[in-house]
Amino acid sequence: MKPKRDRLEIFHDMLKAISDRNGKIKPTHLMYKSNLSHTMLNEYLQELIKRKFIDEIETSEGKSYTITKAGLEYMEKYSAIIKFVDSFGLEEE
Amino acid sequence: MAVTYYFAPSWFITFGIVFEALFAIILITISLTAYRFYQVSKQYKLKLFSLAFGSIALYYIIKSLINANLIASENISRAQLLDLGQLSLAAHIFFMLAGLIILLYISLNLKNNRLFSLLILIIFVTAFVSRNNITIFYVISTILLAYITLHYYEIYKKKPQHNTLLVCIAFLLLLLANLDFILTSVHSIFYVLGHFIEFTSYLLFLINLILVFKK
């Protein structure tokens, strides 16, 4: 069984899903791509918005999410951050 | 003999300053990396970790600067020397304990702020009110490091990887160095030995940091 993903990994998976769709994605696609329940998706979306990693856009076709410069920087540094956090036991629940 | 400066054998004082400056550089590098990663990820524990390592770095900076000043001052009186030693001792206690308490706060995942403030008060009051500050300081920091090391051992058991092992051994060596420093009032050679153990510990922290950036 695959081990449970931690928050930083979920953030990365969600941002990667947005990035892979040219930086813009609809919530239903994001839910499917990041393998999260509806409730969990909303919770993580709020957290990503709070951290300024994504922006929410309201259009006539509904909501969509775009990745920000901060989100792209997080993706770029993710590998080093995760190694640092893992070795020093700095995961957050 | 309540001043740390006198625990060091005279031939080692300059080496001690070099060691402490080196520890400070390593600690600052780790602290700044943690802060940079906090800015990118907004992971709160990274900010606390940066503060903890920064605080311990400050302790080494102040200690080495004061010791360097003591060596440079040829015409200094014994009273002035003791005053400077006490200042070094106060900085020693404050910044090291502050750093360790923050690390313990991260390790124990404390959510209760009242309990945390009580822990801080007990440790600082005990350390500052006590007559024989330096020994009690080393005893308290040894206890704190024992809990921190245990936490890192549990992390290693949970994630048995080379980087978690390196950090666990590094904290274990810091714990051993502190145990060794308790004995510095018995013989000054323990002061030298403690610095070498600390050096190995910080070297492991540095290796871990290098591995973090290795692709």
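User: What should I know about the model before we start?
Analyst: Residues are numbered from 1 along each chain as its sequence is written, and chains are lettered from A in the order in which they are written. Side-chain values use heavy atoms, without hydrogens and water, and in this predicted model local features need pLDDT of at least 70, side-chain atom pairs count only at pLDDT 80 or more, and totals for chains, interfaces and linings use all residues.

User: How many residues does the contact take from chain A and from chain B?
Analyst: Contact here means heavy atoms within 4.5 Å. The residues on chain A's side divide into nine nonpolar, two polar and eight charged. The contact takes 30 residues from chain B, and from chain A 19 residues.

User: Which residues of chain A lose the most area to chain B?
Analyst: Chain A and chain B bury about 2,200 Å² between them (accessible area lost on being put together, 1.4 Å probe, summed over both). Of that area, 60% is on carbon and sulfur atoms. Together making up 30% of what the chain A side buries, the residues are A:F84, A:F88 and A:L90.

User: Which residue meets A:E91 in a salt bridge?
Analyst: A salt bridge is a side-chain nitrogen of Lys or Arg within 4 Å of a carboxyl oxygen of Asp or Glu. The rule finds three of them across the interface of chain A and chain B. With 2.9 Å from N to O, the partner of A:E91 is B:K159.

User: Which helix gives the most to the side of chain A that touches chain B?
Analyst: Helices are DSSP runs (H or I, at least four residues), numbered from the N terminus. With 10 residues on that side, the one asked for spans residues 69-87 and is helix α4 of chain A.

User: Why does the salt bridge of A:E47 and A:R7 tie together parts that are apart in sequence?
Analyst: The closest N and O atoms of the pair are 3.7 Å apart. A:E47 lies in helix α3 (residues 38-50) of chain A, while A:R7 lies in helix α1 (residues 7-20) of chain A, so the parts tied together are apart in sequence by 40 residues.

Key: Buried area = accessible area lost by both parts, 1.4 Å probe. Helix = DSSP H or I, 4+ residues; strand = E, 2+ residues; numbered from the N terminus. Nonpolar A, V, L, I, M, F, W, Y, C, P; charged D, E, K, R; others polar.
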